[in-house]
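Visitor: I would like to go through this model with you, one topic at a time. Could we begin once the structure is on the screen?

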Amino acid sequence: MKIAVCIKRVPDTETRIKIADDGKSIVEAGIKFTLNPYDEYAMEEALKLKEAAGEGEVIAIAVGTDSSQETIRTTLAMGADRGILLRMEDAPHDVLATARILATELRDGDYDLILFGKLAIDDYSQAVGTMVGELLGIPSVSAVATLTISDGKGTAEREIEGGVEVVEFALPAVITADKGLNEPRYPALRGIMMAKKKPLEVRDVSWDSVQVELLSLELPPARAAGRIVGEGVAGVGALIEVLKSEAKVL
Amino acid sequence: MGTVLAVLEQRDGTLKKVSYEVLSAARQIAEKTGDVVHAVVLGPPETDVTGLGAYGADNVTLVGDGRLELYQAGLYAGALVESVNAAGSTAILLAATALGKDLAPRIVARLGSALASDVIGLDYDNGIIAVRPVYSGKAIAKVKLSGAAPVVSVRPNAFAPLSDSRAGEVTQVALGEGIVARSETVQVKEPATATLDVAEASVIVSGGRGLKEPENFKLIEDLVAAFGGDAAVGASRAVVDAGWRSHAEQVGQTGKTVSPKLYIAVGISGAIQHIAGMRTAKVIVAINRDKDAPIFKIADYGIVGDLFEVVPKLAEEIAKIKQS
């Protein structure tokens, strides 16, 4: 089984965001960057499938700046066989442009399965993986929490509002991973040592037409200071009163 | 005159509440562009699509086919692209639900158009201007979409339904022939008791580690029940990671970002990643024994105290109001 896992380097979830002077980007200094959390589930699933098959290759692919090499190394330490960085200096804000770059890379790669995290916690579009499936003309299932693959076919379960959708498809296919798909492994020391020697290919790519222009990036409006309405059970009456008369939500 | 296409969502042949919000968002664009709002519903032929003029639809197309009862990605995307081509759309709007988040990128890839996901505000100035939370709500991006047929998915609860009086004339069409499905949704498994999804609820009561034991979520469920049908249970990452609650209920950066009318955080300290997911709630209430908990910094109203005493009392009082 040949499996691609498309990954992204993102600010850690505990990061406090500061807007840069250009009003269109964040201040990166002092931020801890990590592998996108949902991509960990994608990578774990790829490794499990390869282990279950007893053969195969897992390739981690990232679009980004040189700093993404470190993120690819993290996946190599988890167990991916090799990595590819599609290098660009300035990422497009148009998710379709990113999807096109990946589709071009993946098209003739002869992959049985292409995995993504369901969304990147920076951009939050939840779109690139599904777009890649469409661009390649192969099945895709997004936000998958349970995956079974056998005999060139797959069954995926995805959470929808108040239920779980069960989807059947044939390989090759694109799957985007939701939390709950598995328990991602931590890279062991041996894995980290081995990762340094695994191949990581860097290729420059560029994007041309974009139809999404970022006008501004701002911090969300600060919430007006709230107040403690009371202590213990005695506060309940006061809370009910303000929710009724002041907030008008009851 | 062009068309703003509003893609409405049905479940079991009934339109979802968020569909009226999509119509409202479409109307907002149409008022600026002078376009008509054309609603498209994909579903079984018996889907009830009457009366949509009252929510802002100028006309309505029901693509009626038994195969569209469940969400079938390929059939839905194919049918929608046909509708877009037929209507010559200025923009295509849908809801950022499980269905919408899967469908939007498919049509964008097929049409080669622009996408803005999970949008909370809209404007038009020689192109759609969309406001959307990024970094799961830690920042707000304003983007401009260009090119033909840009696609916008709107966050549930971000646009209030309208009260309008338009024709809303219904045409039913058949699913186009030759539309290919590359996957098949074979069933939807539903839990024994139907629950409202946390992303769609107007009132959310979320529990955190302060509840001490998974069984104590009963307190949260009781408070939710007191609010009635429009409320849902939420959970912090800590309790989801501990296996107390399902990921479907998680609010925060690796869970759901929500904008309810009322958010009640119970025994949740208020980690950055949690606050990111709920800070756009209209009113936030925090109940916590630690008066220095960060959650009180963003809450509108707080009660410092033992949740095991406060929450049952609150449920009792809410129930009284709801029953009166």
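This is a predicted model: local features need pLDDT of at least 70, side-chain atom pairs count only at pLDDT 80 or more; totals for chains, interfaces and linings use all residues.

Visitor: Fine, domains to start with. What does the assignment give for chain A?

Guide: For chain A the assignment gives domain 1 (2–204) and domain 2 (224–250). The C-alpha centres of these two domains of chain A lie 45 Å apart.

Visitor: And how is chain B divided?

Guide: Chain B is divided into domain 1 (3–173) and domain 2 (203–323). Between the C-alpha centres of these two domains of chain B there are 31 Å.

Visitor: How many residues are in contact between the two domains of chain B?

Guide: Nine residues of domain 1 of chain B are in contact with 12 residues of domain 2 of chain B. The area buried between these domains of chain B is about 760 Å², and carbon and sulfur atoms give 46% of that area. On the domain 1 side, Ser136(B), Lys138(B) and Arg155(B) supply 59% of the area buried against domain 2 of chain B, more than any other three residues.

Visitor: How many salt bridges are counted there?

Guide: The count between domain 1 of chain B and domain 2 of chain B is zero salt bridges.

Visitor: Now the chains themselves. What area is buried between chain A and chain B?

Guide: About 7100 Å² is buried between chain A and chain B, with 57% given by carbon and sulfur atoms. In chain A, Tyr124(A), Glu161(A) and Arg223(A) lose the most area to chain B, together 12% of what that side buries. In terms of contacts, 81 residues of chain A meet 88 residues of chain B.

Visitor: How many salt bridges between chain A and chain B?

Guide: The count between chain A and chain B is 10 salt bridges. Glu134(A) and Arg106(B) meet through their side chains in a salt bridge, at 3.0 Å from N to O. In general, side chains of opposite charge can pair when their charged atoms come close.

Visitor: What is the count over all chains?

Guide: Over all chains, the count comes to 45 salt bridges. The side chains of Lys32(A) and Asp12(A) also meet in a salt bridge, at 3.7 Å from N to O. Lys32(A) and Asp12(A) both lie in the loop between strand S2 (9–11) and S3 of chain A, so the pair ties together parts that are 20 residues apart in sequence.

Visitor: Let us change topic. How many cavities of 30 Å³ or more are there?

Guide: There are seven cavities of 30 Å³ or more. The largest cavity has a volume of about 400 Å³.

Visitor: Which residues lie nearest the centre of that one?

Guide: Of the 26 residues that line the largest cavity, Lys118(A), Gln126(A), Ala96(B), Lys101(B) and Lys256(B) lie nearest its centre. S8(A) gives the largest share of this lining, three residues. By class, the lining of the largest cavity divides into eight nonpolar, eight polar and 10 charged residues.

Visitor: And the second largest cavity?

Guide: The second largest cavity has a volume of about 130 Å³. It is lined by 14 residues, and the closest to its centre are Ile160(A), Glu165(A), Arg11(B), Tyr71(B) and Leu99(B). The lining of the second largest cavity has seven nonpolar, one polar and six charged residues.

Visitor: What about open spaces, say the second largest pocket?

Guide: The second largest pocket has a volume of about 790 Å³. Its lining has 28 residues, with Pro37(A), Glu40(A), Tyr41(A), Pro184(A) and Tyr186(A) nearest the centre. Two or more residues of this lining come from each of strand S3 (33–35), helix H1 (37–53) and helix H2 (68–78) of chain A, and from helix H5 (237–241) of chain B. By class, the lining of the second largest pocket has 10 nonpolar, eight polar and 10 charged residues.

Visitor: Last topic, the backbone. Where is there a cis peptide bond?

Guide: A cis peptide bond joins Leu171(A) and Pro172(A), with omega about -5°. Pro172(A) lies in the loop between strand S9 (163–170) and strand S10 (173–177) of chain A.

Visitor: Which residue has a positive phi although it is not a glycine?

Guide: Asp110(A) has a positive phi of about 60°. Asp110(A) lies in the loop between helix H3 (95–106) and strand S6 (113–117) of chain A. Most residues other than glycine have a negative phi, and most peptide bonds are trans.

Conventions. Residues are numbered from 1 along each chain as its sequence is written. Chains are lettered from A and ligands numbered from 1 in the order in which they are written. Side-chain values use heavy atoms; hydrogens and water are left out. On a 1 Å grid over the protein atoms alone, a cavity is a set of points where a 1.4 Å probe fits but cannot get out, and a pocket is an open set with protein on both sides within 12 Å along at least five of seven lines; lining residues have an atom within 4 Å of a point. Grid points are joined across faces, edges and corners, and a volume is the space filled by probe spheres set on the points. Helices (H or I, at least four residues) and strands (E, at least two) are DSSP runs, numbered from the N terminus. Ala, Val, Leu, Ile, Met, Phe, Trp, Tyr, Cys and Pro count as nonpolar, Asp, Glu, Lys and Arg as charged, and the others, Gly among them, as polar. Domain bounds come from an automatic or database domain assignment. Contact means heavy atoms within 4.5 Å. Buried area is the accessible area (1.4 Å probe) that two parts lose on being put together, summed over both. A salt bridge is a side-chain nitrogen of Lys or Arg within 4 Å of a carboxyl oxygen of Asp or Glu.
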